[in-house]
Amino acid sequence: MEKVTIKVNDNGSYRVSGDVELIDAEGNVFETKKTFSLCRCGYSKNKPFCDGSHKGKFESVVRAEKDGE
């Protein structure tokens with residue numbers, strides 16, 4: 001099975017890549033491509049997907065802790 005990755009983009013979306021199924025709270029499946037972006041700012045008019053509405057309005061830079069820090 002292909003590994004799924006989710007990248008937290010600086011000041012932007014979650015970028016999802018791999019063989020993943022995206023479902024809503026009722027179990028309905030969203031149509032997706034092999035790579036897609038999910039909104040994390042709340043501005044998108046195409047939720048749960050990112051439509052770029054965050055640009056210039058949303059700031060968030062998240063970093064994972066490195067070993068030993």
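**View 1. Ring pairs join Phe30, Phe36 and Phe49 into a cluster.** The model is predicted, and local features are reported at pLDDT of at least 70, side-chain atom pairs at pLDDT 80 or more, while totals for chains, interfaces and linings use all residues. Residues are numbered from 1 along each chain as its sequence is written, and side-chain values use heavy atoms, without hydrogens and water. A pair of aromatic rings is described by the distance of the centres and the angle of the planes. Rings of Phe, Tyr and Trp (its six-membered ring) pair if their centres lie within 6.5 Å; planes under 30 degrees apart count as stacked, over 60 as edge-to-face and the rest as tilted. The structure contains 2 aromatic pairs.

**View 2. Phenylalanine 30 and phenylalanine 49 form an edge-to-face pair.** The distance is 5.8 Å centre to centre, with 90 degrees between the planes. This pair links distant parts of the chain, 19 residues apart: phenylalanine 30 belongs to the loop between β2 (14-17) and β3 (35-38), and phenylalanine 49 to the segment after β3. Strands are DSSP runs (E, at least two residues), as helices are (H or I, at least four), numbered from the N terminus. Phenylalanine 30 counts as partly exposed because its relative accessibility is 28%, whereas phenylalanine 49, at 15%, counts as buried. Buried means under 20% relative accessible area, exposed over 50%, and partly exposed in between (1.4 Å probe, protein chains only).

**View 3. Phenylalanine 36 and phenylalanine 49 form an edge-to-face pair.** The pair is classed in this way because the ring centres are 5.9 Å apart and the planes stand at 75 degrees. Phenylalanine 36 lies in strand β3 and phenylalanine 49 in the segment after β3, 13 residues apart, and the pair links distant parts of the chain. With a relative accessibility of 7%, phenylalanine 36 counts as buried.

**View 4. Arginine 40 lies over the face of tyrosine 14, and lysine 57 over that of tyrosine 43.** A charge sits over a ring if NZ of Lys or CZ of Arg is within 6 Å of the ring centre and within 35 degrees of the ring normal. Arginine 40 is 5.6 Å from the ring centre of tyrosine 14. For lysine 57 and tyrosine 43, the distance to the ring centre is 5.2 Å.

**View 5. The structure holds 0 disulfides.** A disulfide is a pair of cysteine sulfur atoms within 2.5 Å. The closest cysteine sulfur to that of cysteine 41 is in cysteine 39, at 3.8 Å, which is too far for a bond.
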